[in-house]
Amino acid sequence: MDINRPGFFISFEGIDGAGKSTHLEAFAKHLGQCYPNHEVVITREPGGTPLGEKLRQLLLQEPMHIETEALLMFAARREHLAQVIEPALQAGKIVISDRFTDASFAYQGGGRGLSLDTLNTLETLVQGRGAELIQPDLTLLFDLPGETAEQRRSKARTPDKFERLDLHFFENVRNEYLRRAKADPGRFMVIDARQSQELIWKQLSEIQLNY
Ligand code: TYD
């Protein structure tokens, strides 16, 4: 918790098929019970605002240049921060976002090959507040080998633009997520998504927010 930002910001991350969305609502409900004085807000990226949801449709369906893709991801994020995340944190709420900036580093950086410099510049532009960056206080990374995730995805619904990408792409996305988790162990908690849902839930239900 930050004195200027009395809320708590959590992001859920992982490659498509890792199962993060399965646990998100139950986790939100659980936090609501543990912290009854703090409203829990569930949101997602790309999306989370009316404009962001329109951008999401374009991002998930239309082919585009990788820089256009990154710019639109961050444009949606700018709106999301202004309209949803920052006001909720100011009001002391717990915000859980299904993906945030780590996804841009993993997908547009690791997966598509956009440079770290470009991504850092966009991150500073969109999340910089004075000398600080708005970042989640806690990031739950659902980690799974690309192959297992691919098998799980093939059983699910019609794939979007990202979900149609190949194993190599997802392995690169995964590696970038893991690299970031290793570089910032205080923020990340890596969950082995090969485990049963019961074991994953046990881990999630034991999380204590530093709040
Ligand atoms: P996802 O969160 O997996 O939603 P769903 O469960 O409905 O498929 O889908 C969002 C997709 O957008 C996912 O493939 C990752 C991608 N994405 C990026 O490439 N960069 C980003 O910055 C974000 C937030 C998402």
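At what angle do helix 3 (residues 66-90) and helix 5 (residues 116-127) pack?

## Basis of the model

This is a predicted model, in which local features need pLDDT of at least 70, side-chain atom pairs count only at pLDDT 80 or more, and totals for chains, interfaces and linings use all residues. Residues are numbered from 1 along each chain as its sequence is written, and side-chain values use heavy atoms, with hydrogens and water left out.

## Two packed helices

Helix 3 and helix 5 pack at an angle of about 20°, with their axes 10 Å apart, where axes are lines fitted to C-alpha atoms over the stretch in contact and angles run from 0 to 180 degrees between N-to-C directions. Helix 3 is therefore roughly parallel to helix 5, a term for angles under 35 degrees. Helices here are DSSP runs of H or I with at least four residues, numbered from the N terminus.

The contact (heavy atoms within 4.5 Å) involves residues of helix 3 including Phe 74 and Leu 81, and residues of helix 5 including Leu 119 and Val 126.

## Nonpolar cores

The largest nonpolar core has 39 residues, and Ile 10, Phe 27 and Leu 209 are among those with the most contacts inside it. Such a core is a set of buried Ala, Val, Leu, Ile, Met, Phe, Trp, Tyr and Cys residues joined through side-chain atoms within 4.5 Å, and buried means under 20% relative accessible area, with a 1.4 Å probe and protein chains only. Helix 7 (residues 167-183) gives the largest share of this core, five residues.

A second, separate core of 17 residues includes Leu 81 and Phe 105.

How values were computed: Buried means under 20% relative accessible area, exposed over 50%, partly exposed in between (1.4 Å probe, protein chains only). Angles under 35 degrees count as roughly parallel, over 145 as roughly antiparallel, 65 to 115 as roughly perpendicular and the rest as oblique.
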